[in-house]
Amino acid sequence: MIIVVVLLVVLVLLAIIVGVLYNGLVGLRNKVESAWAQIDVQLTRRSELIPNLVETVKGYAAHEKTTLDAVIQARNMANSATTPADKAAADNVLTGALKSVFALAEAYPDLKANQNFLNLQDTLTATEDKIAYARQYYNDTVKQYNTKTQTVPTSLIAKQFGFTAREYFEAGGSARGPVDVQF
């Protein structure tokens with residue numbers, strides 16, 4: 001009788017431990033998904049601001065069509081990306097293209113003084129800051145989640161219930177260096 005009670009207590013304790021570990025993994029997985037959604041919100045916000053920026057710049061720098069076309073193409077690529085890796089790559093291209101547009105302001109003093117351009121530039125700068133924060137938060141959350149899924153004893157539960165490692169949002173090689181702008 002005592003053996004049955006001890007065995008029952010051990011099974012209940014094991015079930016509680018498995019439940020706590022599983023719930024912790026679910027919480028972290030949801031936190032990763034929420035962090036990714038925040039990146040997506042900021043990338044969408046930036047993408048919606050870009051047509052206004054391009055139209056403002058077109059009025060002052062009509063012959064800079066290739067730069068403006070590159071921004072639109074990068075925006076479209078960013079909008080069609082779905083995975084974190086694809087989004088990161090598209091985001092890097094778009095960031096470089098935006099840097100080129102802002103560099104155009106140096107060549108066109110009237111554009112540089114235009115209130116619409118200044119407002120858009122400020123809004124995009126604020127959005128870039130939010131994107132950078134969201135990326136950092138996402139990567140921190142992914143690190144926490146991946147560490148949890150790869151360490152014992154949680155890794156045993158993670159494998160049983162299909163919790164797999166998540167991708168980091170990484171900047172590509174060109175996004176890490178200076179942007180080369182030529183006029």
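**Close-up 1. The buried residues of helix H6 in a predicted model.** In H6, the buried residues are Thr154, Ser155, Ile157 and Ala158, where buried means under 20% relative accessible area, exposed over 50% and partly exposed in between, with a 1.4 Å probe and protein chains only. Seen down the axis of H6, these buried residues fall within an arc of 160 degrees, so they line one face of the helix; the arc is that of the directions from the helix axis to the C-beta atoms. An α-helix has 3.6 residues a turn, so residues three or four places apart point the same way. The face turned away from the buried side of H6 carries the exposed residues Leu156, Lys159 and Gln160. The buried residues of H6 pack against helix H1 (2–60) and helix H5 (115–150), and just after H6, Gly162 takes a positive phi of about 80 degrees. Helices (H or I, at least four residues) are DSSP runs, numbered from the N terminus. This is a predicted model, in which local features need pLDDT of at least 70 and side-chain atom pairs count only at pLDDT 80 or more, while totals for chains, interfaces and linings use all residues. Residues are numbered from 1 along each chain as its sequence is written, and side-chain values use heavy atoms, with hydrogens and water left out.

**Close-up 2. Thr154 and its contacts.** Thr154 belongs to helix H6 (residues 154–161) and is buried, with a relative accessible area of 4%. Not counting residues up to four places away in sequence, Thr154 touches Leu21, Leu25 and Lys148, a contact being heavy atoms within 4.5 Å.

**Close-up 3. The crossing of helices H2 and H3.** The axes of H2 (residues 65–80) and H3 (residues 84–107) come within 8 Å and cross at roughly 155 degrees; axes are lines fitted to C-alpha atoms, for helices over the stretch in contact, and angles run from 0 to 180 degrees between N-to-C directions. H2 and H3 are therefore roughly antiparallel to each other, a term for angles over 145 degrees. Residues making the contact include Leu68, Val71 and Met77 of H2 together with Val93, Leu94 and Leu104 of H3.

**Close-up 4. Leu43 in helix H1.** Leu43 lies in helix H1 and is buried, with a relative accessible area of 10%. Leaving aside neighbours within four places in sequence, Leu43 is in contact with Lys87, Asp91, Ile131 and Phe169. Leu43 and Asn79 are 36 residues apart in sequence and 8.5 Å apart in space, C-alpha to C-alpha.

Terms used:
Helices (H or I, at least four residues) and strands (E, at least two) are DSSP runs, numbered from the N terminus. Angles under 35 degrees count as roughly parallel, over 145 as roughly antiparallel, 65 to 115 as roughly perpendicular and the rest as oblique.
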